[in-house]
Amino acid sequence: MKERAMVPEADFRSYYGRPVVRPPVWRHDIAAYLFTGGLAAGSALLAAGGDATGRPALRRAGRTTALGALIASTYFLINDLGRPSRFHHMLRVAKPTSPMSTGTWILSAFGGAAGAAAVAEAAPLLPGPLRRPVTVLGTAGQYGAAALAPALATYTAVLLADTATPSWHAAYPDLPLIFAGSALASGAGVGLIAAPPAQTGPARRMAVLGAALELYGAHRVETSKGILSEPYTTGRAGRLLRAGRTLTALGVAGALLGRRSRVVSALSGASLLAAALATRFGIFDGGVASAKDPRYTIVPQRERLAGSSG
Amino acid sequence: MTADNLGGWPDPQPRMGFFTDTSVCIGCKACEVACKEWNAVPDDGFELLGHSYDNTGGLSANSWRHVAFIEQPVPTDVLAEAEAGPGDMRWLMMSNVCKHCTHAGCLDVCPTGSLFRTEFGTVVVQEDICNGCGYCIPACPYGVIDQRKDDGRAWKCTLCYDRVGDGLTPACAQACPTRSIQFGEVGELRERAAARVEALHGQGVGEARLYGHDPDDGVGGNGAFFLLLDEPEVYGLPPDPIVPTRDLPAMWRRAGLAGLAMAAAVVVSFLGGRP
Ligand code: SF4
Ligand code: SF4
């Protein structure tokens, strides 16, 4: 058979080389949402930390970016639907077996909280009697959003993993680490771009810790999944993940060495954001590639059967 | 007989399904046509694939039954082949369909409640609810359910929910001239399938095997299962399918750990070290 000759190392049979599982029909809206959702979560944490430790520039940048990223997320999610006018059908049910249902509710709650926090940034412009309640509500929203942020950043890993898409499903133990790390690094990037060096100490540390989580997770996904690691190291996904790693390294180096320079800090922040974007698209594309080639469905299942009977 | 009542209905009916016996399939595609006619399924394009007599390719939003054609050498023992040279060719034909899984990935992940379990234990999309989120599509371990491009929603076999509700046989089984597609109560079909595979083994067809009949497999068994004459992957079926949601609790545990790590990283970042 044709595919036998092409893939001598992993002998398998298939139906005319056609995929067994169906590749996701999600467009790159969903990959973009993985990034903006993480950015919203990281920014909300940055805002809460900044406010709690008296760093107003971090608070302001975190709150406004969280809202902006949330609006972008909502756009991407609705735009990807086959029937965008029915997006509210997501809110008919709360279904624990569906990570998308769970995620919709997390995102909705986060949206309300992050919205209140961002609006409160405009409190000084409001008439006197309104200022205080809006500020209080904003603070509550800010901490509410921060409390939800880890869930917002990591549920998307479950969303991808809870599919028959071979390389996503196999990566379920490590995807949440990548997504949590890249959300932290994104939040840190916002702080580095927006705040003066005197306030960015925590953002620099967040960048280092986020990068460590992200790189560790990506390393696991690229090396420990047998042939299911392949789609993450080859083709477009491989190029994107390698670019992500380089940009992360540059961003962290800049964050650590450029403490005194506003320009270097901002550049490293941008590098961290670009890294998060590349990584999310790489993970997305790796999964899609694994579904398109029947080898990635059939060979691991055959090995599982051989293992359980032998 | 099978009183599974998978959907938790107050008035459950016996679980209904298909037993597709590919050993008697003649590849006439009456099932494909009858399904399209009854369910008003649009055409799937008119391509010539060059895959034997198969120009449908596979199950899709617009093909709810699909007849696979495989041309291969008749299995013989190695010694006989060495003596006589390569033997005859044979055709395998198989009418594929949605498996109506006991643990259905598509249904588990649907965030709108559009996919539901009927009183007959089958899995059906409600087209007035589906918003085309697409989640069910990668969640099916068999690559069955699919998005209809010009319509945006997800479509698949309904096991003729309308006909079955009126006590009729699904269109494909009704049209099948060889009784390759048998419709009935799942428990009774499982017994029939076991008897058939035994009979074939008795006739020397050692390669006959059942697929999807076992309630202990990775999807809890199929409501629509098969008798095959070669490995499942030869027909485009996964050899050991597992419903993705089986690992969902473990996935949430890993996400929870990562979330905690994230929160801890923020606390450390803001409380530790220099400004
Ligand atoms: S075969 Fe796929 S589409 Fe059919 S019930 Fe099972 S998971 Fe759903
Ligand atoms: S595409 Fe439709 S049927 Fe499929 S999961 Fe989304 S809402 Fe449910």
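The questions and answers below concern chains A and B of a predicted model.

In this predicted model, local features need pLDDT of at least 70 and side-chain atom pairs count only at pLDDT 80 or more, while totals for chains, interfaces and linings use all residues. Residues are numbered from 1 along each chain as its sequence is written, chains are lettered from A and ligands numbered from 1 in the order in which they are written, and side-chain values use heavy atoms, with hydrogens and water left out.

Biologist: How many helices and how many strands are there in chain A?
Modeller: Helices (H or I, at least four residues) and strands (E, at least two) are DSSP runs, numbered from the N terminus. Along the sequence, chain A reads α-α-α-α-α-α-α-α-α-α-α-α. The count for chain A is twelve helices and zero strands.

Biologist: Which radius of gyration does chain A have?
Modeller: The radius is taken over C-alpha atoms, and the globule rule is 2.2 Å times the number of residues to the power 0.38. The C-alpha trace of chain A spans about 80 × 50 × 30 Å along its principal axes. For 310 residues a compact globule would have a radius near 19 Å, and chain A agrees with this at 21 Å.

Biologist: What percentage of the residues of chain A count as buried?
Modeller: Buried means under 20% relative accessible area, exposed over 50%, and partly exposed in between (1.4 Å probe, protein chains only). Areas come from the Shrake-Rupley method with a 1.4 Å probe; for residues, only the protein chains shown count as cover. Chain A exposes about 11,800 Å², of which carbon and sulfur atoms supply 67%. Of its 310 residues, the buried part is 58%.

Biologist: Among contacts in chain A between residues at least 6 apart in sequence, what percentage join residues at least 24 apart?
Modeller: Contact means heavy atoms within 4.5 Å. Among the contacts in chain A that meet the limit of at least 6, the part joining residues at least 24 apart is 75%.

Biologist: Is Asp21(B) buried or exposed?
Modeller: Asp21(B) has its place in strand S1 (residues 16–21) of chain B. Leaving aside neighbours within four places in sequence, Asp21(B) is in contact with Ser180(B), Arg196(B) and Leu227(B). Because its relative accessible area is 3%, Asp21(B) is buried.

Biologist: In S10(B), which residue is the bridge partner of Leu210(B)?
Modeller: Two strands pair if DSSP finds at least two bridges between them. S10(B) (residues 224–228) has five of its five residues buried, with Ala224(B), Phe226(B) and Leu228(B) on one side and Phe225(B) and Leu227(B) on the other. S1(B) pairs with S10(B) in the parallel sense over four bridges, whereas strand S9 (residues 209–211) of chain B runs antiparallel to S10(B) and is joined by three bridges. The partner of Leu210(B) in S10(B) is Leu227(B).

Biologist: Which residue in S3(B) does Phe69(B) stand opposite?
Modeller: Strand S2 (residues 65–73) of chain B has seven of its nine residues buried. S2(B) pairs with strand S3 (residues 89–97) of chain B in the antiparallel sense, over nine bridges. Opposite Phe69(B) stands Met93(B).

Biologist: What is the relative accessible area of Arg179(B)?
Modeller: Arg179(B) lies in the loop between helix H6 (171–175) and strand S8 (181–185) of chain B. Its phi is positive, about 55°, although Arg179(B) is not a glycine. Arg179(B) is exposed, with a relative accessible area of 52%.
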